[in-house]
Every structure is written in C-alpha cells, then in structure tokens.
Amino acid sequence: MKSDNAINIKHNLISSSFRDPAAQVYIIDGVVYRQINEPGYNDYNKLMKSGLYERLVSLGYLIPHTEVKKELAADSRAITVIKPEKVNFISYPYEWSFSQLKSAALLTLEITKVALEFGMTLKDANAYNIQFHHGKPIFIDTSSFESYKEGSPWTAYYQFCKHFLAPLSLMS
C-alpha cells in the first residue's frame, strides 16, 4: 500500500494491526513504525504529556520510541508517526513457559496500576502486546492507552482473563 504522503515508500502493513482504529503498525525497509490516527491522538498526547510514558519507559515496562517525520506515514489518517526501539526476537504467548506468561500477566497489571496514577488505563490486555526484550517482558503497544473514566470498570478485564488467567490456570 502506498502512502498518500510518501508515494515512493513501500509500507508493509501488519495485518493484525487493523483492529485498532487509533493506530496502524507497518514496516518500511525492515524498520517497524506505528502511526497514530485521529481516534487515538488525544490519548497518545495525554500519554506523552502526563509523564506516564517517561515513567513506564524508566521502569522498563514500555518500549521506548522516537517521533519521526509524518512523511513516513502509511496513509493520510496519521496525525503522528513513531518508531519504537527494535525488539530483536519476536516470540508468541503460545510459545512461552508458565513463568513467562505469569511475568507478562503481572507486567500488564502493573502497567494498569501505574497508568491509573496518571488518569489512564489499558484499553486492551492482549498477551501479544508483550515481548521479551533484554531478558524481561516489555509492553510494545503504545496505542493501547486511553483516558480512564472515573468509576468505569476495566474494559480489558475480559481479554486479560482470556489471554492470561485462563491459560495460566490450565497450565498450573
């Protein structure tokens, strides 16, 4: 798919990224990028300006990224484009040991707890949003954060149970 902004760049869209209207993940020349679209921009902006991004990165919980020129966007929906730090080896939850899945689950809960301190939460708890980087779990989906609405239940709870609690229960 060619970008409306950068006609000569070949974007290889990550097919599983279509589910989130807030962002799109794609690869250009072997480098992963994530464009933040209008539906997700306010939450991304809050993540960046609230101090939550810095806190999570400093704790080693969230993959760091740099903002890059918008001309690298996959299409005209992009408000901003980020380039996450490269994860050298991609693994999948169905390959993980019990202790890895447990570590990923605990990281997801810890990120949610820290996010609440900044008025944000995770809108999904997909196990595929975790990778093992430098020997420990790290969250890779920068567009999974949203503003928390006081008194609302955690919308990602069902997915957390499905991706973490149920498999851990079966494995134990």
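Which residues does tyrosine 128 touch, not counting residues up to four places away in sequence? The legends below start with that view of this predicted model.

**View 1. Tyrosine 128 and its contacts.** Tyrosine 128 touches Tyr92, Pro93, Tyr94, Ile140 and His163, leaving aside residues up to four places away in sequence. Tyrosine 128 sits in the loop between S6 and S7. With a relative accessibility of 39%, tyrosine 128 counts as partly exposed. Tyrosine 92 is 36 residues away along the chain, yet the two C-alpha atoms are separated by 6.6 Å.

**View 2. A nonpolar patch on the surface.** Four residues make up this patch: Ile90, Tyr92, Tyr94 and Tyr128. Together they have about 430 Å² of accessible area. Tyrosine 94 belongs to the loop between S5 and helix H3 (98–117). Its relative accessible area is 61%, so tyrosine 94 is exposed.

**View 3. Helix H1, residues 38–50.** H1 has 13 residues. From first C-alpha to last it reaches 19 Å, close to the 18 Å expected at 1.5 Å a residue. Gly40, Asp43, Tyr44, Leu47 and Met48 are the buried residues of H1. These cover an arc of only 140 degrees around the axis, so they lie on the same side of H1. The face turned away from that buried side carries the exposed residues Glu38, Asn42 and Lys49. The cover over the buried residues of H1 includes strand S3 (31–37), helix H2 (52–59) and strand S4 (65–68). It also includes strands S5 (78–84), S6 (120–122) and S9 (145–147). After H1 comes glycine 51, with a positive phi near 100 degrees.

**View 4. Helix H3 and its packing.** H3 has 20 residues and reaches 29 Å from its first C-alpha to its last. The buried residues of H3 include Leu101, Ala104, Leu107, Ile111 and Val114. Thr108 and Thr112 are also among them. The partners that the buried residues of H3 pack against are H2, S6, strand S7 (130–133), strand S8 (136–139), S9 and helix H4 (157–171). Glycine 119 follows H3, and its phi is positive, near 75 degrees.

**View 5. Threonine 121 in strand S6.** Threonine 121 lies in strand S6. At 7% relative accessibility, it counts as buried. Its contacts, not counting residues up to four places away in sequence, include Thr112, Ala115 and Leu116. Ser144, Phe145, Glu146, Tyr148 and Trp154 are also touched by threonine 121.

**View 6. Salt bridges.** The whole structure holds five salt bridges. One of them joins lysine 123 to aspartate 20, with the closest N and O atoms 3.4 Å apart. Lysine 123 is in the loop between S6 and S7, and aspartate 20 is in the loop between strand S1 (12–13) and strand S2 (23–28), so the pair ties together parts 103 residues apart in sequence. Lysine 123 is partly exposed at 25% relative accessibility, whereas aspartate 20 is buried at 18%.

Another salt bridge pairs the side chains of aspartate 141 and arginine 34, at 2.8 Å from N to O. This pair also links distant parts of the chain, 107 residues apart: aspartate 141 is in the loop between S8 and S9, and arginine 34 is in strand S3. Both residues are buried.

A further salt bridge brings together the side chains of arginine 77 and aspartate 75, at 3.1 Å from N to O. Arginine 77 is partly exposed, at 41% relative accessibility. Aspartate 75 is buried, at 8%.

Conventions. Residues are numbered from 1 along each chain as its sequence is written. This is a predicted model: local features need pLDDT of at least 70, side-chain atom pairs count only at pLDDT 80 or more; totals for chains, interfaces and linings use all residues. Side-chain values use heavy atoms; hydrogens and water are left out. Helices (H or I, at least four residues) and strands (E, at least two) are DSSP runs, numbered from the N terminus. The expected span of a helix is 1.5 Å times one less than its number of residues. Buried means under 20% relative accessible area, exposed over 50%, partly exposed in between (1.4 Å probe, protein chains only). The arc is that of the directions from the helix axis to the C-beta atoms. Contact means heavy atoms within 4.5 Å. Patches are made of residues with over 30% relative accessible area and no salt bridge: like charges are joined within 9 Å, nonpolar side chains (Val, Leu, Ile, Met, Phe, Trp, Tyr) within 5 Å. Accessible areas come from the Shrake-Rupley method with a 1.4 Å probe; for residues, only the protein chains shown count as cover.
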